[in-house]
Amino acid sequence: MSQYDPQQLQQKFERWSELYQEQLQAQQRFQEAEALYAELQAYYQSPQWMADHEADLQLEYSGDVHSIFSEDALWNMISDRNELAIQWMRLGLDALDNK
């Protein structure tokens, strides 16, 4: 029979509670990111994006990320978003499977 240390388990429960709140916040941020993604995707698929790109519009941006006219940035956004969504699904399935 296993011996459990209730004090240690209390600490683990408190840490789990903190992480759970962070996970809820992460889900909200994921949903926010999805809304932004949908708007960006609609723009990228519109004729306006190509016209704006060809017009060589100068945008102010932080430099931390590429311009929205960068085709590499567009490709990275799509592939990064898809990979992250797959990882979220796998994490959820693993949790339900008790892995």
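Trainee: Which is D56, buried or exposed?
Mentor: This is a predicted model, where local features need pLDDT of at least 70, side-chain atom pairs count only at pLDDT 80 or more, and totals for chains, interfaces and linings use all residues. Residues are numbered from 1 along each chain as its sequence is written, and side-chain values use heavy atoms, with hydrogens and water left out. Buried means under 20% relative accessible area, exposed over 50%, and partly exposed in between (1.4 Å probe, protein chains only). D56 has a relative accessible area of 54%, so it counts as exposed.

Trainee: What is the phi of D56?
Mentor: D56 sits in the loop between α2 and α3; helices are DSSP runs (H or I, at least four residues), numbered from the N terminus. Most residues other than glycine have a negative phi. D56 isn't a glycine, yet its phi is positive, at about 55°.

Trainee: S67 is in the loop between α2 and α3 too. Which residues is S67 in contact with, leaving aside neighbours within four places in sequence?
Mentor: S67 has 15% relative accessibility, so it goes down as buried. Its side chain also has a polar atom 3.0 Å from the backbone nitrogen of F69. Contact means heavy atoms within 4.5 Å. Beyond those sequence neighbours, the contacts of S67 are L59, Y61 and A73.

Trainee: How far apart are the end C-alpha atoms of α1?
Mentor: The expected span of a helix is 1.5 Å times one less than its number of residues. α1 has 39 residues, so it should span 57 Å; the model agrees, with the ends separated by 55 Å.

Trainee: Which residue caps the N-terminal end of α1?
Mentor: Look for a side-chain oxygen 3.0 Å from the backbone nitrogen of Q7. That oxygen belongs to D5.

Trainee: Which residues of α1 are buried?
Mentor: Part of their cover comes from α2 (47-54) and α3. The buried residues of α1 are A26, Y37, Q41, Y43 and Y44.

Trainee: At what angle do α1 and α3 cross?
Mentor: Two packed helices are described by the angle between their axes and the distance between the axes. Axes here are lines fitted to C-alpha atoms over the stretch in contact, and angles run from 0 to 180 degrees between N-to-C directions. The axes of α1 (residues 6-44) and α3 (residues 71-96) come within 12 Å, crossing at roughly 145°.

Technical notes
Helix = DSSP H or I, 4+ residues; strand = E, 2+ residues; numbered from the N terminus. Polar contact = N/O pair within 3.5 Å; in protein donor to acceptor, adjacent residues only side chain to side chain.
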